[in-house]
Amino acid sequence: MRHLATQISERTEQLALLGKLLAGARQGRGRVALLSGPVASGKTALLTDFGDMAPAGGAVLLDCTGDPAESALPFALARRIFESAPLTSSARAEATRLLDEAGAEPEAHEQMLAMPKLVTLLLDTAKEQPLVISVDDVHASDPASLRFLLYLIRRIRHARVLVVLSEPARPGPEQRNLHAELAHLPHCTRLRIRLLSPAGTAELLEEFLPPAAAAAHAAGFHDLTGGSPLLLRGLIEDHLTAVEAGESTPSVVRGEHYAQAVIDCLRRLGPEAPAVARGMAVLGEAGTPKFVAQLLDIPGKTVEKAAADLSRSGLLHQGAFRDPRAGALVLDAMPAAAVTRLRTRAAEMFYAYGFAAPEVARHLVAAGGPGAAWTVPVLQEAAEYALADGDTEFARHALALAQESSQDDQLRASLKVKLAGVTWRANPADVDVQVAQLLPGTAAEADATAGQLSTSDLVVTVAYLAWSGRLGKAAGLLDTLEQHPDWSGDEERTALTTARHWLAMLSPSLRMPDGLRTPAGAGDAIAGAADTAHRHTAWAVTAALSAQGRRADAVSEATRVLQRYQLNDGFIQPLVFALWALVYTDRLDLAQPWCERLLTESADRHAPVWQALLMSVRAEIALRQGDLPAARRHAEWALSRMSPKSWGLGSCLPLATLVQAHTGMGGYEEARTLLGWAMPKSFDRTLPGLHYRRARGRWNLAMGRYHVALEDFLGCGQLMEEWGCDVPELVPWRLDAAETWLALGRADKARELAEEQLARSPEQLRGVTLRVLGSATGGRHGLQHLHDAAELLENGGDRVQLALTLAELGRAYRSLDNVNRARMLVRKAWHVAKASGAEPLYRQLIPGYADGDGEFDVPVHEPVPQQDTASLTEAESRVAMLAAHGHTNREIAAKLYVTVSTVEQHLTRIYRKLNVKRRRDLPTKLSASDLQPEVIPGPSVGGPVAVLASHPVGAGLYN
């Protein structure tokens with residue numbers, strides 16, 4: 001690369017001035033030029049360019065550079081000047097003799113005796129040819145040579161000699177005498193060399209980069225380097241290297257050339273500046289001169305001077321590194337042990353001054369290795385701050401170091417559990433190793449575990465083991481501790497019972513005889529311990545699934561957990577399962593806002609695992625509301641946030657939701673692929689596994705694999721009866737099996753199951769049950785069941801189930817030859833199915849799609865006569881339109897921002913004006929408006945049903 005000084009106008013003027021001084025020297029007007037400027041500001045390049053100019057005018061160039069290694073050798077620099085001078089052999093011999101004799105003298109005044117003769121030798125040479133004596137880094141020369149130069153400079157005023165010297169912006173103590181002497185000489189010209197301006201930087205880049213790249217990078221290059229030619233050269237070379245390698249360079253590239261430039265810049269500043277730079281790099285924003293001086297144990301004045309040099313060189317700006325990466329490069333160039341010592345010293349210093357825990361811990365973590373006892377609480381506190389800011393990576397490092405530094409066995413175990421929680425927040429698959437260390441194998445390990453685990457830690461550990469599918473390991477840990485004398489107290493026994501309840505919640509086959517008993521203090525204020533949260537949540541889920549009907553207690557307990565526990569590592573699983581308790585009790589109106597609130601909080605905490613768990617619940621809520629597209633979207637998002645291994649046992653939940661959503665929307669191949677996922681061991685005997693088994697059965701039913709589907713549904717029922725949680729809100733297996741029997745042509749068996757379900761169904765599931773019963777019964781009795789089902793589902797139910805019911809009603813009326821009534825119901829069913837995303841269903845409702853008979857027209861809008869709708873107000877028209885498309889009163893109220901009572905009043909007037917008795921008699925389109933209603937998910941119980949050509953409902957619509 002060419003010398004940078006020749007490429008920019010900011011150096012051209014200085015070259016021109018040196019040219020004028022040389023012209024004067026040729027005419028016998030001797031001059032001296034002193035170039036001063038920051039390290040690596042381009043002084044050497046300027047001297048080199050000028051040295052190339054000097055011989056062109058007939059001058060003899062004598063150039064050399066001060067060398068710190070020769071500073072103890074008298075006349076080392078002077079010898080090099082004479083060696084390159086055009087002397088005769090006798091003059092050269094004389095010069096050598098004088099330099100040898102003078103160099104042997106110990107005293108400066110005795111060395112001065114040789115100066116007149118040495119200077120005369122050079123001046124005599126200048127009579128023949130002009131001399132240009134160029135000395136770069138004159139400040140690094142030996143003292144004797146400096147005295148020789150000063151003696152020479154005083155005597156060249158009327159000689160054909162030009163002396164050009166370069167020195168740093170701040171000369172050292174040894175050079176101040178020379179500097180002061182030169183400043184008073186009339187024939188001395190001083191040139192101040194500054195770093196490049198932004199314009200100079202841009203001009204320099206234009207010499208080496210394409211115009212567009214130069215313009216794009218000029219500001220960034222200048223901000224990082226302050227205009228230092230040395231640092232700029234490193235950036236330019238790295239940029240060109242990247243371009244040659246075919247890389248895209250939209251931003252500044254900092255590679256090995258830039259790194260070397262930073263180190264070279266420090267080296268040229270002398271011994272103090274690199275040390276201060278290292279101190280500032282370690283301290284970061286706290287790198288004030290006071291703290292740097294204390295860290296390095298050097299005087300504050302020394303730090304201030306070195307910092308000024310660093311600023312002049314372009315590395316620092318306003319007391320900090322211009323480029324944070326430069327600070328990192330400074331530390332990278334240090335031995336690791338030296339960095340560790342500085343980090344440790346910085347942590348001790350910050351701790352003594354009372355700095356905040358995160359500031360102290362940052363140095364402790366960077367230093368690594370176990371620390372003193374005082375570091376443990378500091379690291380714990382810093383981890384809490386980091387978690388609040390969403391910095392899980394630093395929190396993990398801080399907790400790991402605290403665990404390594406602690407000498408307390410119980411505290412180490414607690415920190416290990418806490419670390420597992422933080423790790424679990426980012427990737428549950430990485431928790432196994434940490435939790436496995438707490439599992440007892442031998443008797444000695446059992447004693448150690450018993451002495452280390454606290455009651456809260458035990459429950460959280462069991463929860464992590466259960467999540468990974470290691471229910472047997474978790475139960476074994478509880479068996480071990482139950483036999484240990486240290487776990488015989490009331491608090492310990494309560495923790496063991498809570499852990500048992502948690503396992504039983506996930507796998508009811510592990511339930512103890514008293515598993516349904518209300519935990520102690522269930523109605524009291526809940527404390528903040530993790531074991532308490534798990535205890536109350538486990539009871540809420542168990543009560544929600546109790547066949548004895550404890551729905552109100554379950555809702556109350558789940559709501560209390562959600563209200564009183566903050567989103568945190570130890571509480572995330574209890575909060576998620578509290579939401580599931582609300583889902584199982586069909587309180588979607590409570591579950592949805594709580595779920596969305598927690599999702600917002602988890603997004604602010606940068607916890608992808610938390611978000612995935614909560615979004616899985618949100619997907620199930622959408623599924624039970626009959627909003628298939630939303631269910632699919634939420635479940636896919638949840639699964640994308642974690643790997644299958646990280647999902648562990650919980651993978652069954654979003655997978656089950658997604659399989660059912662795909663099946664209901666006609667995505668059969670997508671559902672097939674999902675069912676090919678590897679499941680955790682023994683998943684089928686767990687609560688999440690029950691969801692998965694039911695979803696698999698729904699897909700088998702949709703694919704016409706009726707006997708396989710029946711096996712899945714009856715298997716669900718067998719497990720639920722065995723577990724004592726035979727409630728349809730968990731899995732409506734009787735209804736699923738009844739639909740399968742219908743598909744097999746066994747209406748008698750379907751009716752038997754539907755009647756059995758009707759006898760035990762809660763009000764929320766009654767509409768779905770009546771729909772299945774009506775389909776199985778047929779005739780006028782079946783028609784009445786379908787009417788009752790539609791009435792219930794219209795007032796609040798699964799939208800897919802509503803579409804199915806309306807379609808079945810249409811089929812029933814067609815069988816009674818009431819074609820107009822049947823056509824209207826089928827059209828309404830088509831609208832509801834399409835709005836719900838149930839593609840197989842709404843396609844079957846298009847005449848000719850399933851059987852090609854073409855008896856009904858393709859669904860069209862049947863407007864009410866204008867004279868009827870004209871009497872409706874605008875508000876009534878909106879309510880009528882939404883009601884006609886299957887929205888419940890609550891959904892209409894939310895859509896139009898009115899109360900439910902207002903909607904009811906509007907509907908009463910609408911029925912009277914249009915002379916209809918119920919909402920399904922309303923037309924699907926009002927002639928007064930072409931506006932299509934927006935889909936509003938409504939609450940439901942049973943979940944969507946896959947309707948295919950082979951499905952009893954779909955197959956019989958137009959027969």
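Ala91, Glu94, Ala95, Leu98 and Leu99 in H4 meet Lys117, Leu118 and Leu121 in H6, a contact being heavy atoms within 4.5 Å. By type, the residues of this H4–H6 contact split into six nonpolar, no polar and two charged; here Ala, Val, Leu, Ile, Met, Phe, Trp, Tyr, Cys and Pro count as nonpolar, Asp, Glu, Lys and Arg as charged, and the others, Gly among them, as polar. The model is a predicted one, with pLDDT of at least 70 needed for local features and 80 or more for side-chain atom pairs, while totals for chains, interfaces and linings use all residues. Residues are numbered from 1 along each chain as its sequence is written, and side-chain values use heavy atoms, with hydrogens and water left out.

As for geometry, the axes of H4 (residues 89–104) and H6 (residues 115–128) come within 10 Å and cross at roughly 155 degrees. Axes are lines fitted to C-alpha atoms, for helices over the stretch in contact, and angles run from 0 to 180 degrees between N-to-C directions. H4 and H6 are therefore roughly antiparallel (angles over 145 degrees; under 35 is roughly parallel, 65 to 115 roughly perpendicular and the rest oblique). The crossing of H4 with H6 is left-handed, meaning that the near helix is turned anticlockwise from the far one by less than a right angle, clockwise being right-handed. Helices (H or I, at least four residues) and strands (E, at least two) are DSSP runs, numbered from the N terminus.

Then there is the pair H14 (residues 289–296) and H17 (residues 336–352), whose axes also come within 10 Å and cross at roughly 120 degrees. That makes H14 oblique to H17, and their crossing is right-handed. H14 brings Phe291, Gln294, Leu295 and Leu296 to the contact, and H17 brings Leu342, Arg345, Ala346 and Met349. Six of these contact residues are nonpolar, one is polar and one is charged.

Two residues other than glycine stand out for backbone phi. Alanine 40, in the loop between strand S1 (31–37) and helix H2 (43–53), has a positive phi of about 60 degrees. Asparagine 915 also has a positive phi, near 60 degrees, and sits in the loop between H48 (900–914) and H49 (952–955). Most residues other than glycine have a negative phi. With 9% relative accessibility, alanine 40 counts as buried, whereas asparagine 915, at 69%, counts as exposed (buried is under 20% relative accessible area, exposed over 50%, partly exposed in between, with a 1.4 Å probe and protein chains only).
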